[in-house]
Amino acid sequence: MALLRRRRASGSGRASGPVDALIVGLGNPGREYAATRHNLGFEVASELSRRWEMPKAKKRYGGLYAEGRTAPGGPRVAVLLPQTFMNDSGAAVGPARGELGVPLDHVIAVHDEIDLPFGEVRSKLGGGVAGHNGLKSLNQGLGGKDFWRVRGGVGRPDSTDPEIVSSYVLSRFREPKEDVQRLIGDAADEAERLVERLAGAGDETEKEMD
């Protein structure tokens, strides 16, 4: 991963609340949306909760919420899966961040990205929403865009028609199961690395990692 820039961000610094990082998995609740491309964030957040042996998630902040450590003595983390549907994710994440006292740049949103080839994972701080309604809602609910995004590439259909694109992201993966699991694992790895960096970042935060 290449360090592109360091900066002292507004509201940044070591988390002073009960957790070092708030991880938000973006997706839609309900059985009909399970295992779809648009629910990649849910899948990655659930994988992180499994790895970290988090307690069973409870209903809180309009979502499913769990809190714990990545390992004994490791960073303190909270994992939130908003149950407000993708387009209103900020309504859950905003209150969670406020009550936990997490700096904006210690919020990590994990989501699907159609502008990345399937299987590619990147992370960045801030930026636009590129038509992703979940990110748009987070911008509004968090009061700013300078939160981290872990972007899992799900590919793009051969069309720019909004209905076709919507149907594509709401469809289940057609790639081999092992490839989908590798994507979930790689995105979880990236989120773990980012948590470790944020937990020891002090007042400086890395701008972008590739």
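Colleague: How many aromatic pairs does the structure hold?

Modeller: The structure holds 3 aromatic pairs. Rings of Phe, Tyr and Trp (its six-membered ring) pair if their centres lie within 6.5 Å; planes under 30 degrees apart count as stacked, over 60 as edge-to-face and the rest as tilted. One of the pairs is Tyr-61 with Tyr-65, edge-to-face at 5.2 Å centre to centre and 80° between the planes.

Colleague: What should I know about the model and the numbering?

Modeller: This is a predicted model, where local features need pLDDT of at least 70, side-chain atom pairs count only at pLDDT 80 or more, and totals for chains, interfaces and linings use all residues. Residues are numbered from 1 along each chain as its sequence is written, and side-chain values use heavy atoms, with hydrogens and water left out.

Colleague: Back to the tyrosines. Is Tyr-61 buried or exposed?

Modeller: Tyr-61 counts as buried because its relative accessibility is 13%. The cut-offs are under 20% relative accessible area for buried, over 50% for exposed, and partly exposed in between (1.4 Å probe, protein chains only). Tyr-65 is buried too, at 5%.

Colleague: Where is Tyr-61?

Modeller: Tyr-61 sits in the loop between strand 3 (58-60) and strand 4. Its phi is near 60°, a positive value in a residue other than glycine. Helices (H or I, at least four residues) and strands (E, at least two) are DSSP runs, numbered from the N terminus.

Colleague: And Phe-85, what is its phi?

Modeller: Phe-85 has a positive phi of about 75° although it is not a glycine. Phe-85 lies in the loop between strand 5 and helix 2, and it is partly exposed, with a relative accessible area of 41%.

Colleague: Which residues of helix 2 are buried?

Modeller: In helix 2 (residues 90-100) they are Gly-90, Ala-92, Val-93, Gly-94, Ala-96 and Leu-100. These buried residues pack against strand 2, strand 4 (63-69), strand 5 and helix 3 (133-142), where contact means heavy atoms within 4.5 Å. Just after helix 2, Gly-101 takes a positive phi of about 70°.

Colleague: New topic: the largest nonpolar core. Which residues touch the most other members?

Modeller: Ile-23, Val-44, Trp-52, Ile-108 and Val-150 do, out of 34 residues in that core. A nonpolar core is a set of buried Ala, Val, Leu, Ile, Met, Phe, Trp, Tyr and Cys residues joined through side-chain atoms within 4.5 Å.

Colleague: Which elements supply it?

Modeller: Those giving two or more residues include strand 2 (21-25), helix 1 (40-51), strand 6 (107-113) and helix 5 (177-199). Helix 5 gives the most to this core, with 9 residues.

Colleague: What does Ile-23 touch?

Modeller: Leaving out residues up to four places away in sequence, Ile-23 touches Leu-48, Trp-52, Ala-78, Val-79, Leu-80, Ile-108, Val-110 and Val-195. A second, separate core of 20 residues includes Val-19, Leu-22, Ala-78 and Ala-109.

Colleague: What angle do helix 1 and helix 5 pack at?

Modeller: Helix 1 and helix 5 pack at about 65°, with their axes 9 Å apart. Axes are lines fitted to C-alpha atoms, for helices over the stretch in contact, and angles run from 0 to 180 degrees between N-to-C directions.

Colleague: Which residues make the contact?

Modeller: Among them are Val-44 and Leu-48 of helix 1 and Ile-184 and Ala-188 of helix 5.
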